Amino acid sequence: MAQAQQVRPVRLCGQCGRARVRGVYHAFLTIVSKGGIRGLWAGWVPNVQRAALVNMGDLTTYDTVKHFLLRNTSLKDNSFCHSISSICSGLVAATLGTPADVIKTRIMNQPRDKHGRGILYKSSTDCFIQAVRGEGFMSLYKGFIPTWMRMAPWSLVFWLTYEQIRRFVGVSSF
């Protein structure tokens, strides 16, 4: 009996349908050949902006909701309270992070000139303005549901684990 050959998934270019790269080394060579060493850092500014917004939403919302629930309801400092707080923090993180994620993706995927500079957008602000003017404000929320569906479980697992570790080492809640 012949063994079935294992087929590796290939990431395809959204515009032409061909494989963009054949591996990490090929990706590295492709990026450097098109944008020089500078191309390796394409999109780092919007990536940092996105990370700051996501973390701000996640961290501040979790503590704020948890404080609110413990002070204004009969809920105790337990897994149920932590779950509600983490679901809310995942929602806020996705709400703040999705526009930055859209901008980051557009900047990172834009065509580049021979010096590795983007052709379509000069900055995150320029990308933001073009997107809102050309497609409307809600265009910044393309992919919100999948983003939240990814962030909410991660937030839930993270915060429940954090609270268990905190409890294990004897650190009080507030």
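Of the 174 residues in the protein chain of this predicted model, 30% count as buried. The chain exposes about 12100 Å², and carbon and sulfur atoms supply 64% of that area.

The protein chain has 5 helices and 0 strands, in the order α-α-α-α-α along the sequence. Of the contacts between residues at least 6 apart in sequence, 63% join residues at least 24 apart.

**Helix α4**

Helix α4 runs over residues 124-135.

| Group in α4 | Residues |
|---|---|
| Buried, under 20% relative accessible area | Ser124, Asp126, Cys127, Ala131 |
| Exposed, over 50% relative accessible area | Thr125, Arg133 |

Ser124, Asp126, Cys127 and Ala131 are the buried residues of α4. They cover an arc of only 160 degrees around the axis, which means that they lie on the same side of α4. An α-helix has 3.6 residues a turn, so residues three or four places apart point the same way. Thr125 and Arg133 sit on the face of α4 turned away from the buried side.

What do the buried residues of α4 pack against? Their partners are α2, residues 44-72, and α3, residues 79-109. Just after α4 comes Gly136, with a positive phi of about 95 degrees.

Notes
Residues numbered from 1 in each chain as written. Predicted model: local features only at pLDDT ≥ 70, side-chain atom pairs only at ≥ 80, totals over all residues. Heavy atoms only, no water. Helix = DSSP H or I, 4+ residues; strand = E, 2+ residues; numbered from the N terminus. Buried < 20%, exposed > 50% of the residue type's maximum accessible area, 1.4 Å probe, protein only. Contact = heavy atoms within 4.5 Å. Areas by Shrake-Rupley, 256 points an atom, 1.4 Å probe, with all protein chains shown as cover. Expected span 1.5 Å × (residues − 1). Arc of directions from axis to C-beta.
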